[in-house]
Amino acid sequence: MPNQHVVPRGNRWAVKGEGNSCATALTNTKREAINRARKISRNQGTELVIHNRNGQISQKDSHGHDPFPPKG
């Protein structure tokens, strides 16, 4: 299952599966894209990767299959 990325797309935001050429969803706000991507990521047990407007990764959120889970 591919990780889900929230990336800028023009004036909008896209939810895109890692390695996919097409976006899964386009939204008007970053918050909408994050919420949509988080649902997909939770269902698939993958990682959510959130990018800034400049394309740099700003945040990651793991929803299962984490190779380095926290201890305790």
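Here is a quick briefing on the chain shown above. It is a predicted model, where local features need pLDDT of at least 70, side-chain atom pairs count only at pLDDT 80 or more, and totals for chains, interfaces and linings use all residues. Residues are numbered from 1 along each chain as its sequence is written, and side-chain values use heavy atoms, with hydrogens and water left out.

**Overall layout**
- You'll find one helix and five strands here, in the order β-β-β-α-β-β from the N terminus; these are DSSP runs numbered from the N terminus, helices being H or I with at least four residues and strands E with at least two.
- Of the 72 residues, 32% count as buried, meaning under 20% relative accessible area with a 1.4 Å probe, protein chains only.

**The core**
- The largest nonpolar core has ten residues, among them Val6, Trp13, Ala37 and Ile50; such a core is a set of buried Ala, Val, Leu, Ile, Met, Phe, Trp, Tyr and Cys residues joined through side-chain atoms within 4.5 Å.
- Strand 2 (12-17), helix 1 (30-44) and strand 4 (47-51) each give two or more residues to this core, and helix 1 gives the most, with four.
- Leaving aside neighbours within four places in sequence, Ala37 is in contact (heavy atoms within 4.5 Å) with Gln4, Val6, Val15 and Leu48.

**A look at Gln4**
- Gln4 sits in strand 1 (residues 4-9) and is buried, with a relative accessible area of 3%.
- Not counting residues up to four places away in sequence, Gln4 touches residues including Lys16, Thr24, Ser41 and Val49.

How values were computed:
Buried < 20%, exposed > 50% of the residue type's maximum accessible area, 1.4 Å probe, protein only.
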